[in-house]
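Visitor: I am new to this structure and would like to know what the terms used for it rest on. Please show it to me, and then I will ask.

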Amino acid sequence: MIPLRIKVEANADQPFVVRLRSFEADGREQKTEQLNPFDVALERVGPDGAHYVGEGGPIRILGIDPAKVDGDVLLVNPRRGTADRLIRSSSLHNTFLVTERCDQVCLMCSQPPKKHHVDLFPYFETAALLAPEGATIGISGGEPTLFKAQLFELLRRVLEARADLSFHILTNGQHFDPDDCGAIRPIDRRRVVWGIPLYSCNPAVHDEIVGKAGAHGRLLENLTLMCGLGAQVELRTVLMRPNADGLPQLARFIASTLPFIRTWAIMQMENIGFGRMNWKTLFYDSSEGFDVVGRSLDLVRSRGIDAWLYNFPLCTVPGQYRHLAPSTISDWKRAYRDECDGCSLKARCGGFFEWHPANHGYGKLGIVQ
Ligand code: SF4
């Protein structure tokens, strides 16, 4: 798995953000472009690690090839001797986890909420401003909008300063409010997509899945509010046993009540966190029961709404729907199985989450010649 945290030594008391400037990819030619005050340049590499220098002083990176971290933006925690790779310059999958707090307790949550919160928004803002040209940055949690004032400000400032960047934000959609309109309007809505989960058109089923009474009603109010502000909404539905049978009804509901959304994503489950704990009761084998999924896709797409399959191994999807199943699992947590060796679809298949169980649960899975 690609490491998101690396070992660092730095002579400082407080956390700080730096961008690493290493060698060119061929390992010989030093970069000559002008350095930003947050940049540190590679000075030498030895058995004791890679030594960088910058305006803030020297730092030493251990245990990773400097060529693999060139352009990466790190949040260095000198007391712990670690650095989080907030931006990996070679990756399309950079996400800021802005909080681990959440007001919902979803049955399949991959990142179970914690009470503790440390405000790292200023570091995230600095990191975003140092991102490579044209990057899309993910924001997730926990629930990012529990800290919506900081979030809206970060979005506004970064998007104003960097016309090339965009954001994808995962939120449960519970905390928007008509009073937020003044803070949301100055954010360039063309460069922000809000990924918001809706699990069922039946309020009782949705509320049961997210562990919060009244969540469905609040969500629908806020979807209307956000779309009234011109927000781009990617509606997300994790497919599970409790909501699989109702998927075609949800598709009809979306087509008739929420036609203003940008995209509907039907998603397979992730076997980690609560998802692992509840796997046996929740996992829905879509390779055997694709009918509800196919009907739902057909229905919303026939009404002109974009609909996609996220996190579905391609061989579990009937051929006529495979073009709707892009590779969506982030590079650092994507894995393939022994069964995938020699599969003709592997280059465009998103595979599995690294932690998907060996007993994968799909009745129909296997190499496509
Ligand atoms: S066999 Fe593996 S690589 Fe091929 S489609 Fe299935 S999951 Fe993807």
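Guide: The chain is assigned a domain 1 (5–87) and a domain 2 (94–353), with bounds that come from an automatic or database domain assignment. This is a predicted model, in which local features need pLDDT of at least 70 and side-chain atom pairs count only at pLDDT 80 or more, while totals for chains, interfaces and linings use all residues. Residues are numbered from 1 along each chain as its sequence is written, and side-chain values use heavy atoms, with hydrogens and water left out.

Visitor: How do you know what area domain 1 and domain 2 bury between them?

Guide: Buried area is the accessible area (1.4 Å probe) that two parts lose on being put together, summed over both. For domain 1 and domain 2 that comes to about 950 Å², with 79% of it on carbon and sulfur atoms. Of the area that domain 1 buries against domain 2, Val17, Leu86 and Ile87 supply 54%, more than any other three residues.

Visitor: What makes a set of residues a nonpolar core?

Guide: The members are buried Ala, Val, Leu, Ile, Met, Phe, Trp, Tyr and Cys residues joined through side-chain atoms within 4.5 Å. Buried means under 20% relative accessible area, exposed over 50%, and partly exposed in between (1.4 Å probe, protein chains only). The largest such core has 74 residues, and Phe167, Trp194 and Trp264 touch the most other members. At least three of its residues come from each of domain 1 (5–87) and domain 2 (94–353). A second, separate core of 20 residues includes Tyr199, Val210, Met267 and Phe283.

Visitor: Why is a space called a cavity?

Guide: On a 1 Å grid over the protein atoms alone, a cavity is a set of points where a 1.4 Å probe fits but cannot get out, and lining residues have an atom within 4 Å of a point. The whole structure has 3 cavities of 30 Å³ or more.

How values were computed:
1 Å grid on protein atoms, 1.4 Å probe; cavity = no way out; pocket = protein on both sides within 12 Å on 5 of 7 lines; lining within 4 Å. Points joined across faces, edges and corners; volume = space filled by probe spheres on them.
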